[in-house]
Amino acid sequence: MALEDGVDDYTQDGTVDLKGNPVRRSKRGGWTACSFVVVYEVFERMAYYGISSNLVVYLTNKLHEGTVKSSNNVTNWVGTIWLTPVLGAYIADAHLGRYWTFVIASVIYLSGMLLLTLSVSLPALKPPSCTQSNAGDCKKASTLQLAVFFGALYTLAVGTGGTKPNISTIGADQFDDFHPKEKAHKLSFFNWWMFSIFFGTLFANTALVYIQDNVGWTLGYGLPTIGLLISVLIFLAGTPFYRHRVPAGNTFTRMARVIVAALRKWRVPLPSDPKELYELDLEEYDKKGKFRIDSTPSFRFLNKASIKTGSTDPWTLCSVTEVEETKQMLRMIPILISTFVPSTMIAQINTLFVKQGTTLDRAIGSFKVPPASLTAFVTLSMLISVVLYDRFFVAIMRRWTKNPRGITLLQRMEIGLLFHIVIMLVASFTERYRLKMAREHGLVQNGGQLPLTIFILLPQFVLMGMADAFLEVAKIEFFYDQAPEGMKSLGTSYATTSLGVGNFISSFLLSTVSQITSRDGHQGWILNNLNASHLDYYYAFFAILNFLNFIFFLVVIKFYVYKAEVSNSIEVLTEELKVMRLRTSNPEETRP
């Protein structure tokens, strides 16, 4: 007990309190600190999805935009939402640290939400109501009205740029990688992190969407704003329990130095012994709570940055650790690229999938199902799949693979990519059936509502949730786990960048396909009247795109080398699991 209360109780991963003092694991961090972070995420996701889930309906019904324009405005905004975390991660890692970057960004986030609530509430900030079935026949929003509305949306986007990449890393930082028990807890953290996200999303996609469609947009946007305020207060309440990492410096500059130094010495031969390369003493890293990384043979050219030539200029000479950190961030880029296409598929949930729902029978007795509430089934499917995965799938696979995670993160992503191929095939066949019903009932030209239940769309929403349980959870954990210790926020921003780029690709493909297919007098695949469109062709095109991307992913992972562990805790955990299995299989031997 003396050791536990003394030296051994201090964290070994370099975490400190806000004043920079070393912290004890018994006083800070662990699940106590994470509980505030997880509860924050429930409320914040309720706020975000309370806006994004039904945004395409607001743009169509209230701002009177067409199918392509409203869908692209949603995906462009969501794309920005997911790309700004790159800037937030840079500020956190290089200057302010994760905690203060998060707090400042939360104020900006709240400001955007308040302005957005005002824009949907004040009559002067929105166009008059319109009952025309074709949005093109209604009065458009004025320049001022659009400026206020989209100005609020993009202010909100800037705020999320500082919160998204840092809140998950703050949570993961509460577990010490050098402590086997805490390392084991971190293996489950990202699963439960996603669980909290989709729990908040479930409320947004059911209660808030219903309020927006049936009560009013003022209350429908006001409640998410209040939810965000509550979430920030909850996070601040946990401040005395958090562990913090000291900003590791400008990550982009460190990476640029390595590349420039290697280019400057491209003619200098590499020494046969890696120990001859420049590296700081281990004590220097220990003092700063950082990790030293040994030289690896991959990306050998970059090793030239560590060749000693007499100059100590940081743009000419870099340590082996700096080189290896750069290598690791570059090594993940092909994996990042392979996630762009499935992220494009996710963008369809709140755009075309919801637009399809508006053409179908939404009645359940006297109750009408809001089209955007179908996204709740993505959430439910995700929640159930994550629990089943964490509690049963991992336990079963451990026996076969001897891997503490059950299967590797890349294998988990691989399964998710297969799901996306199936999703688009199902969506294509479902849409083909919907169009057939439109023709049979003479509803092609007038774009009327089909006598077909909205729940025929359910399979594509449920499958999307199952895909997220594999791909999205693994993607976040992979980029965090594989990023160097001093670049964790930047690593996490890779996951958000994937979603951002995917949304912009969605906008590009929707506009391009719409234009190409409507050339030379052809009707086109995507029209304001979905009953006269051919979304079935569009979804089939997506299925082919997903298949080609899956092949690309298989090629990429064949050459990927996992980052070496900086501590032996994962091996310790593996041994503990072996002991547990032996005790289970030989209960007689464990009896006294």
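The expected span of a helix is 1.5 Å times one less than its number of residues. Helix 8 has 21 residues and reaches 31 Å between its first and last C-alpha, close to the 30 Å expected.

The model you are looking at is predicted, with local features needing pLDDT of at least 70 and side-chain atom pairs counting only at pLDDT 80 or more, while totals for chains, interfaces and linings use all residues. Residues are numbered from 1 along each chain as its sequence is written, and side-chain values use heavy atoms, leaving out hydrogens and water.

**The chain as a whole**

The chain holds 21 helices and two strands; these are DSSP runs (helices H or I, at least four residues; strands E, at least two), numbered from the N terminus. Of its 592 residues, 56% are buried, meaning under 20% relative accessible area with a 1.4 Å probe, protein chains only. Contact means heavy atoms within 4.5 Å, and among contacts between residues at least 6 apart in sequence, 82% join residues at least 24 apart.

The buried residues of helix 19 include D536, N546 and N549 as well as F542, F550 and F553. In helix 8, the buried set includes W217, G220, P224, G227 and F235.

Two packed helices are described by the angle between their axes and the distance between the axes. Here the axes are lines fitted to C-alpha atoms over the stretch in contact, and angles run from 0 to 180 degrees between N-to-C directions.

| Pair | Axes come within | Crossing angle |
|---|---|---|
| Helix 4 (residues 67-83) and helix 5 | 5 Å | roughly 15° |
| Helix 5 (residues 85-121) and helix 8 (residues 217-237) | 9 Å | roughly 165° |

Helix 4 is therefore roughly parallel to helix 5, as angles under 35 degrees count as roughly parallel and those over 145 as roughly antiparallel. I81, W82 and L83 of helix 4 meet P85, V86 and L87 of helix 5. That contact has six nonpolar, no polar and no charged residues.

Helix 5 and helix 8 are roughly antiparallel to each other. Their contact uses, among others, Y99, F102 and S106 of helix 5 and W217, Y221 and L228 of helix 8. By class, it has 17 nonpolar, six polar and no charged residues. Ala, Val, Leu, Ile, Met, Phe, Trp, Tyr, Cys and Pro count as nonpolar, Asp, Glu, Lys and Arg as charged, and the others, Gly among them, as polar.

Notes. Parallel < 35°, antiparallel > 145°, perpendicular 65-115°, else oblique. Buried < 20%, exposed > 50% of the residue type's maximum accessible area, 1.4 Å probe, protein only.
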